[in-house]
Amino acid sequence: MALVSGMDVISECTARRQVAGAFNTTNLETTMGIIDAVERVGVPTFIQVAPTNVALSGYEYIYDMVARRLASTSVPVALHLDHGKSLEAVEAALAARFTSIMIDDSEASYEQNVATSTAARAMTPAHIALEAELGSIGGKEDDIGPEHAATTDPAQVPGFVEAVGVDMLAVSVGNVHGVAPHARIDFDLLADVRDASSVPLVVHGGSGLPSEQLGRLAEFGVVKVNVASDLRNAMIRTFGEAWTANNDEASLIRVSKEAVVSIRDVVERRIRVLNPAA
Ligand SMILES: [Zn+2]
């Protein structure tokens, strides 16, 4: 099927009481691995790319690659801009026909964050989902991350959601970007944020959280969980192990296919952990 809007993934997941994984791609092997896993599990999903990882190819390349692979798939999948830090990035992703957008000015003041996110909303058609971040999620991803992490203040949530008109809200409630083995969700804070929000929530940093925490997020109004580092590590590890096993390895296609399988397995496990009943 064709790419669907992020709005469709949100509504499908909400109706099924499921959580959509949001998996970052960079290249063909990662894209293949993600969609192979999605087909096995059948849960609606986001495939996403941040501007840092578009640097290898381009927004149109990413769109073409994802759309072509999805043509033979029956599971709803949206193509999402992850951490659009500027309105230029939002404009480029929309021009390339992405179906879901994140604007992230969360390191700025509350007022500036509202202003930037509102401008992104004005650029983003109503049928395209818009995610914005309130609070600032700590940790580094591709060397990008806030100088000062800050948790989401539940008191700011209703005003922010209403002023911007977001469709989903990324929150900072103990989750951390990247490989962060000690990250833990503060479920009391998450519950307060959920109670204050009229839209579903997004948790970034899915790679660093323990399985038993990931499996509870659906009960807390979370509709999307981002996972990037685990996939990247699976791909790099596959090539590293092939090299270590044989310094003369020259079958790029064999190792590339192994990388697809290793990414598929990581993604499938994550979707199942997020949706124990799936
Ligand atoms: Zn993130």
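Modeller: Two strands pair if DSSP finds at least two bridges between them. Keep that in mind for this predicted model.

Biologist: What makes S2 and strand S3 (residues 77-84) a pair?

Modeller: They share five bridges in the parallel sense. The cut-off is at least two bridges, so they count as paired. In S3, Leu-79 is the bridge partner of Ile-47.

Biologist: How do you know that strand S1 (residues 20-24) pairs with S2?

Modeller: By the bridges again. S1 and S2 have three, in the parallel sense. At least two are needed, so this is a pair as well. Asn-24 stands opposite Gln-48 in S2.

Biologist: Why is the crossover from S1 to S2 called right-handed?

Modeller: The chain leaves S1, passes through helix H2 (residues 28-41) and reaches S2. Picture the strands pointing away from you: a path that runs clockwise from the first strand over the helix to the second is right-handed. This β-α-β crossover is right-handed, so its path runs clockwise in that view.

Biologist: What makes strand S2 (residues 45-49) mostly covered?

Modeller: Five of its five residues are buried. Thr-45, Ile-47 and Val-49 lie on one side, Phe-46 and Gln-48 on the other, and both faces are covered. In a regular strand the side chains alternate between the two faces of the sheet.

Biologist: Why is Ser-256 called buried?

Modeller: Its relative accessibility is 9%. Buried means under 20%, so Ser-256 qualifies. Ser-256 lies in helix H11 (residues 252-274). Leaving out residues up to four places away in sequence, Ser-256 touches Glu-29 and Phe-239.

Biologist: What makes His-83, His-177 and His-204 donors of the zinc ion?

Modeller: Distance. His-83 (NE2), His-177 (NE2) and His-204 (ND1) lie 2.0 to 2.1 Å from the zinc ion. The cut-off is within 2.8 Å, so these atoms count as donors. Their spacing in sequence is H-x93-H-x26-H.

Biologist: Which parts does the pair His-177 and His-204 tie together?

Modeller: His-177 is in the loop between strand S6 (168-171) and helix H8 (187-196). His-204 is in the loop between strand S7 (201-203) and helix H9 (211-214). The pair therefore ties together parts 27 residues apart in sequence. Both His-177 and His-204 are buried.

Biologist: How do you know that the span of helix H10 (residues 229-245) agrees with expectation?

Modeller: H10 has 17 residues and should span 24 Å at 1.5 Å a residue. Its end C-alpha atoms are 24 Å apart, so the two values agree. Buried residues in H10 include Leu-231, Met-235 and Ala-242. Among the elements covering the buried residues of H10 are S1, H2 and H11.

Methods. Residues are numbered from 1 along each chain as its sequence is written. This is a predicted model: local features need pLDDT of at least 70, side-chain atom pairs count only at pLDDT 80 or more; totals for chains, interfaces and linings use all residues. Side-chain values use heavy atoms; hydrogens and water are left out. Buried means under 20% relative accessible area, exposed over 50%, partly exposed in between (1.4 Å probe, protein chains only). Helices (H or I, at least four residues) and strands (E, at least two) are DSSP runs, numbered from the N terminus. Contact means heavy atoms within 4.5 Å. Donors are N, O and S atoms within 2.8 Å of the metal (3.2 Å for Na, K and Ca); water is not among the atoms, so sites may look incomplete. The expected span of a helix is 1.5 Å times one less than its number of residues.
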